[in-house]
Amino acid sequence: MPNLILLRHGQSLWNQEGRFTGWMDIDLSAKGREEARNAGVLMRSAGFTFEIAFTSVLKRAVRTLWIVQEEMDLMWVPVIPSWRLNERFYGDLQGKSKKETEEMFGAEQVHRWRRGFRDMPPALKRDDCRHPGLDPRYRDLADDQIPVAESLEDTLNRMLPFWQSNILPELVRGKDVFVAAHGNTLRALVKHLESISDEEIEKLEIPTGVPLVYDLDGNLRPKSHFYL
């Protein structure tokens, strides 16, 4: 049966600075590029490969995928980008440091925004310069598809149609699939794959730059999973 390999992008510049990033298009740090390179080395050394790849439209995930492809000599593999694999949209928190928001709202509230399943951060105003509607990569989206803030539940509901219509069919065809995305997008997907409860998902943290491999059964349900 095919393998599904998930990879959170390498450390970004704002991960390094402790800032909420969301849909802000922030690149990898030097450490993040090395993490991506190491992920490719680990996958190649362990004998893994992939026949199709999926990524968000944010450069930290795209560049992570490029580095992995180069390291594994898989530059020929088709890549399908989608905004539905973007990081959770953190609304008005985007660009703010986690320390700054804890001072403003309290550590407990910030923890709920970061880890809770249904907790939604403060919304971004539609006339804000950070609003995705001003970005040409989202110009074909309907107004109700462009978020102003998202909970993890919203992220799951946004991501799931793409999983069902684009990624899952490739696994059905027997292809090994690689997904380079983001911490919360992958938390949402793992919640779906493993039927993790709303309460337990709060404890799940996906590290940057470490491949997560799923061994699937005949019904494409996880038999086992492990980090390389």
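**Group meeting: the sheet and its helices**

I will begin with strand E2, residues 52–55. Ile52 and Phe54 point to one side of E2, Ala53 and Thr55 point to the other, and all are buried, where buried means under 20% relative accessible area, exposed over 50% and partly exposed in between, with a 1.4 Å probe and protein chains only. Helices (H or I, at least four residues) and strands (E, at least two) are DSSP runs, numbered from the N terminus.

Before going on, some housekeeping. This is a predicted model, in which local features need pLDDT of at least 70 and side-chain atom pairs count only at pLDDT 80 or more, while totals for chains, interfaces and linings use all residues. Residues are numbered from 1 along each chain as its sequence is written, and side-chain values use heavy atoms, with hydrogens and water left out.

Now the sheet that holds E2. It is open, has 6 strands in the order E3-E2-E4-E1-E5-E6, and its pairing is mixed; two strands pair if DSSP finds at least two bridges between them. At the edges are strand E3 (79–81) and strand E6 (222–227), each of which pairs on one side only.

Contact here means heavy atoms within 4.5 Å.

Going through the pairs, E2 runs parallel to E4, and 4 bridges join them. In that pair, Ala53 stands opposite Phe178 in E4. E2 is also parallel to E3, through 3 bridges, and Thr55 stands opposite Pro81 in E3. E2, H3 and E3 together make a right-handed β-α-β unit; right-handed means that, with the strands pointing away from the viewer, the path from the first strand over the helix to the second runs clockwise.

Elsewhere in the sheet, strand E1 (residues 3–8) and strand E5 (residues 212–216) run antiparallel, joined by 4 bridges. Asn3 stands opposite Asp215 in E5. Asp215 also stands opposite Ser224 in E6. E5 and E6 are antiparallel too, with 5 bridges, and they form a hairpin with 5 residues between them. Leu220, in the turn of that hairpin, has a positive phi of about 60°.

Which other residues have a positive phi without being glycine? Asp73 does, with phi near 55°, and so does Ser195, with phi near 55°. As background, most residues other than glycine have a negative phi. Asp73 sits in the loop between H3 and E3 and counts as exposed because its relative accessibility is 62%. Ser195 belongs to the loop between H7 and E5 and is exposed, at a relative accessible area of 60%.

Next, the helix pairs. Helix H6 (residues 152–172) packs with helix H7 (residues 183–194) at about 75°, their axes 9 Å apart. H6 is therefore roughly perpendicular to H7; angles under 35 degrees count as roughly parallel, over 145 as roughly antiparallel, 65 to 115 as roughly perpendicular and the rest as oblique. On the H6 side the contact includes Leu156, Met159 and Trp163, and on the H7 side Ala188, Leu189 and His192 are among the residues met. The residues of this contact divide into 8 nonpolar, 4 polar and 1 charged, with Ala, Val, Leu, Ile, Met, Phe, Trp, Tyr, Cys and Pro counted as nonpolar, Asp, Glu, Lys and Arg as charged, and the others, Gly among them, as polar.

How do the axes of H4 and H5 cross? They come within 7 Å and cross at roughly 125°, so H4 and H5 are oblique to each other. Lys98, Thr101, Glu102 and Phe105 of H4 make the contact with Ala107, Gln109, Val110, Trp113 and Arg114 of H5. These residues divide into 4 nonpolar, 2 polar and 3 charged. Within H5, residues 107–115, Val110, Trp113 and Arg115 are buried, and the buried residues of H5 pack against helix H4 (98–105) and H7.

Last, Leu134, in the loop between H5 and H6. Leu134 counts as exposed because its relative accessibility is 60%. Leaving aside neighbours within four places in sequence, Leu134 is in contact with Asp128 and Cys129. Its C-alpha atom and that of Gly209, 75 residues apart along the chain, are separated by 30 Å.

Note on methods
Axes fitted to C-alpha atoms, helices over the stretch in contact; angles between N-to-C directions.
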